[in-house]
Structures are given as structure tokens and as C-alpha cells.
Amino acid sequence: MHFTKMQGLGNDYIYLNGLDGLPADLPALARRMSDRHFGVGADGLICICASSRGDFRMVMYNADGSRGEMCGNGIRCLGKYVFDHGLTRRRALTIETDGGLRTLELLGNGGTVSAVRVHMGAPILEEPLPLESGGALWQVTPVSMGNPHGVVFVEDPDALDLARLGPPLERHPVFPRGINVEFVTCPDRNTLRLRVWERGSGETLACGTGACAALAAAVRQGRAERQVVAGLPGGKLELFWPDDGQEMVMTGPAETVFEGEYPV
Ligand SMILES: N[C@@H](CCC[C@H](N)C(=O)O)C(=O)O
């Protein structure tokens, strides 16, 4: 089976062209291929499938084989994949995800795609909840970006032990579907800095939907302006939320790492 390994800010996924069919048991395949010691190594698996509602459909699996409804870094790479593999010649695309339809603008010169702007849908925010977890009390703001997030503002995300704090918040009983957890600081009104503990994949170098969720919560709580640069361990994303109820716009890089063959 042919696959392509891609990454956006170091959030890396294995891409399969599902237009002509896919292997059976994709959750098990996602677990096997994502393993960084015994497999290819990735934060998960993304299949490009046919869609009756958009140009393509994104079906994504986390590294543990669970499904994610949406993936911001993953959808940018999907845009580059379909262009680079000649599946489309258009630079404006609509992608069906389990979190809804998303529109993409593929940016770059001539025949290349170096960055992708994604219209990420409108965030749905709830009031912050005080939650006890890992021996501390956290103010968690639930935000849906098509997939579930919990945003926590902290003084210094780099000072935290995410491997200890992330899992109990990810699976807190208040969130039966689990959450991706963002630990965020706002050094100034146009900058966010965050680390993300992802549902089903653990700490990743970046999370596009997580950065959007962080901006939504920061704006709602008066901590940041609507246009920011979000700094994650893997690099930077440009984010713009024009107004409440409107779509969040995210711009960032998309890169191919390598192509390969995997036995199935
Ligand atoms: N890395 C992603 C989000 C991936 C999905 C997530 N782990 C989930 O279960 O919802 C991004 O860039 O948004």
C-alpha cells in the first residue's frame, strides 16, 4: 500500500488515497502505522475519500485508532496532497469533515502549494468550568471547533508536565467524548503561546483546531485581539476571527516528508 507522510508545524500524519478503496480495519492500521518505534511514526492517519457534499472527504484517525472529527494541521496537508498528487487543479476547495464542511485556499507560486488558508467554521464556546484534576483546580473553557477542546489559561505552558496533567483532563467525566486540552498564555494581545495535549495522540508539536479554540476563548475573556500569531512548539499559525458567530480563519504551512510503501 502506498502512503504519504506529511506534516504541518510538526503535527504529522500518514495520508492514504482512499478514492479507489481502503484496507480493512483502519483503526488498527492507524495504531500500527502511527507507532514511532514499530511503524512509520505519526500523530495519526488521514484518508482522502470521495464526497457528495464537497470536493473530497477527510477521514482522520488519532494515533490510538480513535476518530477525530476535524484536524486543522491535517486538513492543510490534505489540501497540498490533493493538489500535488494531481487529484485537483483548483486552489479553492471544499472539504467534508465529520465536523462539517471546511473551505481551503491553497497558497503558493506556479505549481506549488507552500501554505494553506482554512476557513475553520465558527467556534462554539461554553462558560469556563472549574475542574479538579491531577491534584489542582483548573478553569477549563469548553470550545468546539467541530471537535471538542478544553482551553486552560496558565502562566507558562512550558513549565507544565503535560504527560501527567493531560490524560486526566482529556478523559475527565464531564467530557464523555474526551477533549483536546490547550494550555495557553497570552504574552501580548496579538500573540498566543500554547501546548496541546491531544485526545487520542498525546502531546503534539501543534494543533490547528486547538489554536483556534484558544483564540476563541482568549477573545471571549478579553485577553487577546481577534488577529493573532499563535506560537506552538512546532512553529507559528496566523489566526483571524472576524467576529462572534463567524468562521475562524487559519493560515499555516503544509509539507510532504516522504512517500513510502507499507505491507497490508
Ligand atoms: N492535530 C489536530 C487535531 C486532531 C484531532 C484530535 N486529536 C481529536 O481527537 O479531536 C489539529 O491540528 O487540529
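Leaving aside its neighbours within four places in sequence, with which residues is Asn11 in contact?

Reply: The model is a predicted one. Beyond its neighbours within four places in sequence, Asn11 is in contact with Asp43, Asn73, Thr204, Leu205, Ala206, Cys207 and Gly234. Asn11 itself belongs to strand β2, which covers residues 11-17. There are 30 other C-beta atoms within 10 Å of Asn11, and the threshold for burial is 20 or more, so Asn11 is buried. Ala28, by comparison, is 17 residues from Asn11 in sequence, and their C-alpha atoms are 20 Å apart in space.

The chain as a whole gives the context for this residue. Of its 264 residues, 45% count as buried. Among contacts between residues at least 6 apart in sequence, 64% join residues at least 24 apart. The chain has four helices and 19 strands. Its radius of gyration is 17 Å, close to the 18 Å that the globule rule gives for 264 residues, so the chain is as compact as a globular protein of that length. Taken along the principal axes, the C-alpha atoms fill a box of roughly 50 × 40 × 30 Å.

The ligand deserves a separate description. It is surrounded by 18 residues, of which Gly68, Gly72, Asn147, Gly208 and Thr209 are the closest. Helices α2 (72-84) and α4 (208-220) each supply at least two residues of this shell. By class, the shell has 14 polar, two nonpolar and two charged residues. Because domain 1 (2-120 + 252-261) and domain 2 (124-246) both give residues to the shell, the ligand lies between them.

Conventions
Residues are numbered from 1 along each chain as its sequence is written. This is a predicted model: local features need pLDDT of at least 70, side-chain atom pairs count only at pLDDT 80 or more; totals for chains, interfaces and linings use all residues. The radius of gyration is taken over C-alpha atoms; the globule rule is 2.2 Å times the number of residues to the power 0.38. A residue is buried if 20 or more other C-beta atoms lie within 10 Å of its own, exposed if 12 or fewer, and partly exposed in between; C-beta atoms are placed from the backbone. Two residues are in contact if their C-beta atoms, placed from the backbone, lie within 7 Å. A residue is near a molecule or strand if its C-beta atom, placed from the backbone, lies within 6 Å of it. Ala, Val, Leu, Ile, Met, Phe, Trp, Tyr, Cys and Pro count as nonpolar, Asp, Glu, Lys and Arg as charged, and the others, Gly among them, as polar. Domain bounds come from an automatic or database domain assignment.
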